[in-house]
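Subject: Handover of a structure

Dear colleague,

I am passing on the structure below for your files. Kindly look it over before reading the notes that come after it.

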Amino acid sequence: MGSIGRLLQKDSGTEEDGTKTVEAIEESIVSVTPPDSAVPVIAENTVVFKAEFVEPEEITIYGVPLIQDEKSDVILLKFLRARDFKVKEALTMLKNTVQWRKENKIDQLFETEAHEEASEFEKMVFTHGVDKEGHVVIYSSYGEFQNKELFSDKEKLNKFLNWRIQLQEKCVRALDFSRPDYAKSSFVFVSDFRNAPGLGKRALWQFIRRAVKQFEENHPEFATRELLINVPWWYIPYYKTFGSIITSPMTRSKMVLAGPSKSADTIFKYISPEQVPIKYGGLSKDIPITAEDTVTEAIVKPAARYTIDLPASDACIFSWELRVLRVLGADVSYEAQFEPTIEGSYAVIVSKNRRIELTDEPVITDSFKVGEPGKIVIKLDNQTSKKKKVLYRFKTQPISDL
């Protein structure tokens with residue numbers, strides 16, 4: 001019998017609080033024999049009522065039944081972790097979540113088709129790649145809250161919140177709860193504060209705090225780490241003062257804050273550059289290079305030149321991507337050429353020397369059809385007094401496969 005059954009089962013032995021047992025009650029009853037003149041007692045038929053068996057209501061959460069499903073163990077563990085393994089508090093939290101899901105018809109919301117604003121909302125919150133441990137990464141851009149057309153009143157804010165809950169449900173239900181591997185049942189969240197609304201917009205920040213609290217209470221322990229990037233100077237003292245009000249201690253222990261100059265390095269500490277979107281300092285996928293192709297990092301010293309040699313031994317289409325990380329500007333020159341290894345052959349200029357401007361595309365993509373053994377030589381010239389970090393990767397595709 002389970003623990004709940006043991007709690008509900010009553011002891012059939014002697015009561016300790018002095019309450020009389022059935023036998024004691026029977027002994028205290030005085031037997032009265034009716035006189036002969038009394039009205040004859042008519043024996044009544046005893047009617048036995050049998051209670052109909054009622055099938056217990058199946059309770060599901062995130063699409064997983066809480067009873068008789070091994071996957072529910074991972075979910076229940078999240079509620080225990082969220083309440084520091086205090087069973088009663090975790091049970092209360094679970095009950096409240098089940099009730100919240102029922103009142104707000106979350107299962108029906110999950111199946112609802114996206115409305116017309118969904119394409120705009122997807123610019124604010126989206127999933128992209130995985131971190132170094134295999135967690136799915138969810139990006140949020142707080143700067144989009146400046147869009148007055150989308151967030152001009154409470155009704156539109158609530159419409160966004162419903163869409164955000166629906167996205168969370170889709171992401172959660174795509175996780176693998178059948179394995180104890182925590183990486184398969186949680187996310188990494190990246191929150192971009194670039195151009196975020198100021199603290200003067202109190203109603204908007206109150207809405208954001210309410211939304212954060214709602215996710216903490218009803219989707220607990222789905223964040224293995226939260227990266228706050230491009231954090232403005234005014235947010236740091238605000239967070240230190242009101243952080244305990246906005247988020248729980250458990251959530252704050254997973255948060256990493258980084259200003260604009262440190263954001264890319266902070267992301268790359270946890271997420272490989274090939275998995276990071278271009279807008280956050282990562283590499284694109286416009287050419288036939290996949291996330292499996294390794295990214296190499298290099299440092300170009302101040303006022304120095306740097307050469308990258310990429311070997312090509314067979315006839316192929318040689319493709320590469322390169323990015324110079326910058327904050328205010330690059331001031332780096334780039335050129336590329338193919339140098340054959342056969343003596344007497346001539347080098348071929350692939351890309352003429354040019355300066356990488358701030359207005360240029362952040363990722364340089366190039367390709368060259370190689371017809372003989374040789375190498376692609378990329379030359380970088382750092383004309384500044386500060387070192388520059390360079391990310392690059394390449395891929396060869398045999399011409400016979402085309």
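Predicted model: local features only at pLDDT ≥ 70, side-chain atom pairs only at ≥ 80, totals over all residues.

Residues are numbered from 1 along each chain as its sequence is written, and side-chain values use heavy atoms, with hydrogens and water left out.

The chain as a whole

The chain contains 11 helices and 15 strands; these are DSSP runs numbered from the N terminus, helices being H or I with at least four residues and strands E with at least two. Of its 402 residues, 40% count as buried, where buried means under 20% relative accessible area, exposed over 50%, and partly exposed in between, with a 1.4 Å probe and protein chains only. Contacts are heavy atoms within 4.5 Å. Among those between residues at least 6 apart in sequence, 75% join residues at least 24 apart.

In the order 8-15-10-13, 4 strands form an open sheet with antiparallel pairing; two strands pair if DSSP finds at least two bridges between them. Strand 8 (296-300) and strand 13 (364-370) are the edge strands, each pairing on one side only. Strand 8 is joined to strand 15 by 5 bridges in the antiparallel sense. Thr296 stands opposite Tyr392 in strand 15.

Two loop residues

Thr384 sits in the loop between strand 14 (374-382) and strand 15 (388-398). This residue counts as buried because its relative accessibility is 15%. A polar atom of the Thr384 side chain lies 2.9 Å from the backbone oxygen of Lys386.

Phe145 belongs to the loop between strand 4 (136-141) and helix 7 (154-173). With a relative accessibility of 9%, Phe145 also counts as buried. Leaving aside neighbours within four places in sequence, Phe145 is in contact with Met124, Phe151, Phe160, Pro197, Leu204, Phe207 and Ile208. Phe145 and Ile208 are 63 residues apart along the chain, and their C-alpha atoms are separated by 10.0 Å.

With kind regards

Key:
Polar contact = N/O pair within 3.5 Å; in protein donor to acceptor, adjacent residues only side chain to side chain.
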